[in-house]
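Me: Hi! I have a structure open and would like to talk through how its parts pack. Here is what I'm looking at.

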Amino acid sequence: MAERLLVIVDQLPHPPRNGATLPLCHYLAQLSRTHDVRLALLHDDDRPVDAAERAQNERRFGPVLQAGCARRSAWARVTAELSGRGMFQHGWVATDTRAFDELAARDAGWCTAPVLVSPISALARWHAVRAALPRWRARRTVVAVHDCTAAEYRWRWRSPQPGALGRAKAWSHWLRAPLIARAEARLLAEADAVLVQTETDRAAMRQLVGAATASRTQLAPNGVRADLFDIDASPGADAQVLFVAELSGEYAPIAAWLCRSVWPGVRAAHPAATLTIVGRGADAALKQLLAATDGVTQIEFAADLAPLYGRSAVVWSPLWKGFGLINKTLEAMAAARPVVGGLAAFNGIAGFADGVHGIGLARPDAEAMAAATVSLLREPARAQALGVAGRELVRGFRWERTAEVIRTALLDSPAPQPADRVPALGVPR
């Protein structure tokens with residue numbers, strides 16, 4: 001009989017639409033080959049689960065276990081963050097755990113089955129749910145956090161922010177970073193293994209979150225869809241620039257910056273150029289801006305990005321945050337498309353050389369980003385050379401390898417990990 005595995009999430013994985021759901025879809029597909037996987041969704045009571053989407057996930061991954069959660073009061077969450085007991089954006093209490101109780105009554109073996117939790121926001125809900133389930137005590141808990149949350153708060157100010165209010169909010173995150181680090185350490189204290197995607201994040205865990213957490217931190221970089229490597233390396237026939245992002249969070253001000261500050265320079269130098277933005281979640285103001293910008297088309301969701309990569313001449317990855325492994329960068333490089341973005345967009349890609357495998361900018365410079373884009377649109381041979389070099393650099397990023405890291409971490413006596421060789425952490429250049 002296959003080993004049981006409970007996978008705890010806070011959003012349904014399919015369709016993959018962001019940096020949390022994309023890895024989850026691949027984790028489930030790979031781990032189901034060796035484990036009896038049960039997906040458990042811990043949903044927010046204020047956001048009812050879409051029945052059709054749940055049915056779609058159950059057809060793909062099997063029965064979905066479900067529990068309800070509600071947020072604590074704002075005052076309780078502020079108090080928790082100031083005391084280092086939790087982050088303000090977390091703070092949950094379980095409201096409905098009947099499905100877990102019913103499963104335990106039918107098969108108590110699930111109560112001690114190993115648990116994989118992803119991302120860290122799902123772990124906060126799992127703590128609340130587990131407090132209401134005294135019988136549920138996992139034999140081993142692995143948390144795939146992807147990025148170091150404290151690092152995210154510390155460096156958010158480096159990305160473009162709209163207006164004085166946006167900049168003030170970003171700097172407030174920098175001030176909150178030490179509190180976030182304390183809460184992150186507490187949240188991860190019971191995890192047997194913590195999986196991050198880059199050496200930068202592992203270094204941040206050591207310096208910002210603490211040695212105890214860092215000692216249980218392992219690298220599990222994301223993979224790339226194998227079929228992307230089969231896309232013709234020739235640049236798209238049209239002068240299409242592609243930007244893929246969920247537009248409800250940190251990428252919303254970046255999308256606005258691209259349209260207001262970068263894209264006009266591209267269109268002025270190359271009037272035939274078009275910009276395709278793929279992403280849902282834009283608010284009314286951002287939608288209006290996208291619709292009013294010449295040459296820009298927004299697609300809320302694309303079931304398959306491969307055709308869009310194939311038609312594109314340049315892919316934008318405008319990130320300067322200094323942490324995380326950027327899926328859009330990996331996918332574009334696998335598709336042999338030249339990537340223009342921040343140097344941080346190439347985090348975790350060993351051997352990356354600026355100007356050889358892509359074009360990385362040290363800071364959000366609209367004029368430089370527009371110029372780099374125009375130069376690639378005008379020089380298709382150079383664009384193809386960058387794309388081919390980038391593709392070869394990322395060939396080792398495979399979901400099968402990521403799954404093996406997770407399987408090893410789930411073992412009661414995991415194989416010894418190599419000694420950490422992590423560089424000293426400073427503010428990224």
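Me: Is the crossing of H10 and H14 right-handed or left-handed?

Reply: The crossing of H10 and H14 is right-handed, a term for the near helix being turned clockwise from the far one by less than a right angle. Keep in mind this is a predicted model, where local features need pLDDT of at least 70, side-chain atom pairs count only at pLDDT 80 or more, and totals for chains, interfaces and linings use all residues. Residues are numbered from 1 along each chain as its sequence is written, and side-chain values use heavy atoms, with hydrogens and water left out.

Me: Thanks! At what angle do H10 and H14 pack?

Reply: About 40°, with the axes of H10 (residues 251–269) and H14 (residues 366–378) 9 Å apart.

Me: Which residues of H10 and H14 make the contact?

Reply: Among them are Trp 257, Leu 258 and Ser 261 of H10, with Met 369, Ala 370 and Thr 373 of H14; contact means heavy atoms within 4.5 Å.

Me: Switching to the sheet: in what order do the 6 strands come?

Reply: The order is S11-S10-S9-S12-S13-S14, an open sheet with parallel pairing (strands pair if DSSP finds at least two bridges between them).

Me: And which strands stand at the edges?

Reply: S11 (296–299) and S14 (359–361), each with a single partner strand, so one side of each has no neighbour in the sheet.

Me: How many bridges join S10 to S11?

Reply: There are 4, and Val 278 stands opposite Ile 299 in S11.

How values were computed:
Axes are lines fitted to C-alpha atoms, for helices over the stretch in contact, and angles run from 0 to 180 degrees between N-to-C directions. Helices (H or I, at least four residues) and strands (E, at least two) are DSSP runs, numbered from the N terminus.
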